[in-house]
Amino acid sequence: MASRGSVKPFVHFNAKQDADLLKKAMKGIGTDEDTILMLLTSRSNDQRQEIKAAYKKSHGKDLVKELKSELGGKLEDLIVALMTPPASYDANELHKALKGAGTDDKVLIEILPSRTSEEINAIVKAYKKDHSGKLEKDIMGDTSGHYQQLLVILLQGDREEGVDEGQVERDAKDLFAAGEEKFGTDEDKFVNILGTRSFEHLRKVFDVYRTIAGCEIEESIKDECTGNLENLLLAAVKCARSIPGYFAECLRESMRRAGTDDETLIRIMVSRSEVDMLDIRAYFKKNYGCSLYSSIQEDTDGDYQKALLYLSGGND
């Protein structure tokens, strides 16, 4: 499958050469941010890991620490994110969301429904290695009820594959009976079906559901549920419908209000840059009538803006 990322492996890649260029960009008075941004946003994550190793070998220093000491603020956050292997990056974001007082549920709700089974399993491993804890245990300690139940199901990284034609109508009827038809919702059904069925199976279930209920499943979820459970169920539905569509919406939300949600903006731009950024851009343009590029231009500035624009891969 051709990658739909805006960032692809650099063709004439030479890790040592890149390491030397970065060293030069950070030497002396003032930092040549342009070189750093252009170079790192045009290499794949695997290549960045090789540059990191080459830098240590040639210059005896930790490249990420050096970058941090040269950069600051949001630009630093973005560059450090780019330098982190994807599974470790997701694990770090989840760890940050769980530790300390209060939970940043938005991060759990964005990451867990949108990652593939392989990605989830890699995140669980990285979490254990980098944070010497069990992700499931930490989530259990921070959440409760059906919300917790669905997070734990998603964390198993064990979605079914393919479509079970015989099960489609039954699932749709079960969801209808659990929600619209009943006073008080049987959340278990929602949690189990949305948490375990394959995305293509779910898309068929949603079509049948619309016929039975006379409305989209999202509307029923909004009527029947509240809070984190509602948000997580909606995220699961949106991801089943279209992961790029889901991220286009998340990006739009991160830039719509007064004050940009830079953490979300950075997380999505970095984590989707090699996966489906081109599709996200297409959805963004189609649904919001303006390009992702121009939205980033309006909402950010300076070198931070430049780096985000490089990651977007161009204007539509």
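## Salt bridges and pockets

Glu 249 and Lys 238 are joined through their side chains by a salt bridge of 3.0 Å, N to O, where a salt bridge is a side-chain nitrogen of Lys or Arg within 4 Å of a carboxyl oxygen of Asp or Glu. This pair links distant parts of the chain, with Glu 249 in helix H16 and Lys 238 in helix H15, 11 residues apart; helices are DSSP runs of H or I with at least four residues, numbered from the N terminus. The model is a predicted one, in which local features need pLDDT of at least 70 and side-chain atom pairs count only at pLDDT 80 or more, while totals for chains, interfaces and linings use all residues. Residues are numbered from 1 along each chain as its sequence is written, and side-chain values use heavy atoms, with hydrogens and water left out.

Glu 249 is partly exposed, with a relative accessible area of 27%, and Lys 238 is partly exposed at 23%, on a scale where buried means under 20% relative accessible area, exposed over 50% and partly exposed in between (1.4 Å probe, protein chains only).

A search of the whole structure finds 25 salt bridges. One of them joins Arg 267 and Glu 93, whose closest N and O atoms are 2.9 Å apart. Because Arg 267 lies in helix H17 and Glu 93 in helix H6, the pair ties together parts that are 174 residues apart in sequence. Both Arg 267 and Glu 93 are buried.

Arg 241 forms a salt bridge with Glu 216, with the closest N and O atoms 3.0 Å apart. Here too distant parts of the chain are linked, since Arg 241 lies in helix H15 and Glu 216 in the loop between H13 and helix H14 (217–224), 25 residues apart. Arg 241 is partly exposed at 29% relative accessibility, and Glu 216 is partly exposed at 24%. These two residues belong to a network of salt bridges that also links Asp 207, Arg 210 and Glu 218.

Two pockets are set side by side in the table. A pocket is an open set of points on a 1 Å grid over the protein atoms alone, where a 1.4 Å probe fits, with protein on both sides within 12 Å along at least five of seven lines, and lining residues have an atom within 4 Å of a point. A volume is the space filled by probe spheres set on the points.

| Pocket | Volume |
|---|---|
| Largest pocket | about 710 Å³ |
| Second largest pocket | about 570 Å³ |

The second largest pocket is lined by 27 residues, of which Val 80, Ala 81, Thr 84, Tyr 89 and Asn 92 are the closest to its centre. Helix H6 gives the most to this lining of the second largest pocket, with six residues.

The largest pocket is lined by 39 residues, with Arg 115, Thr 116, Ser 117, Phe 199 and Ile 243 nearest its centre, and the largest share of its lining, four residues, comes from H8.

Arg 115 is found in the loop between helix H7 (105–111) and H8, and Arg 115 is buried, with a relative accessible area of 7%. The side chains of Arg 115 and Asp 90 are joined by a polar contact of 2.7 Å, a polar contact being a pair of N or O atoms within 3.5 Å of which, within protein, one must be able to donate a hydrogen and the other to accept it, residues adjacent in sequence counting only if both atoms are side-chain atoms.

Terms used: Helices (H or I, at least four residues) and strands (E, at least two) are DSSP runs, numbered from the N terminus.
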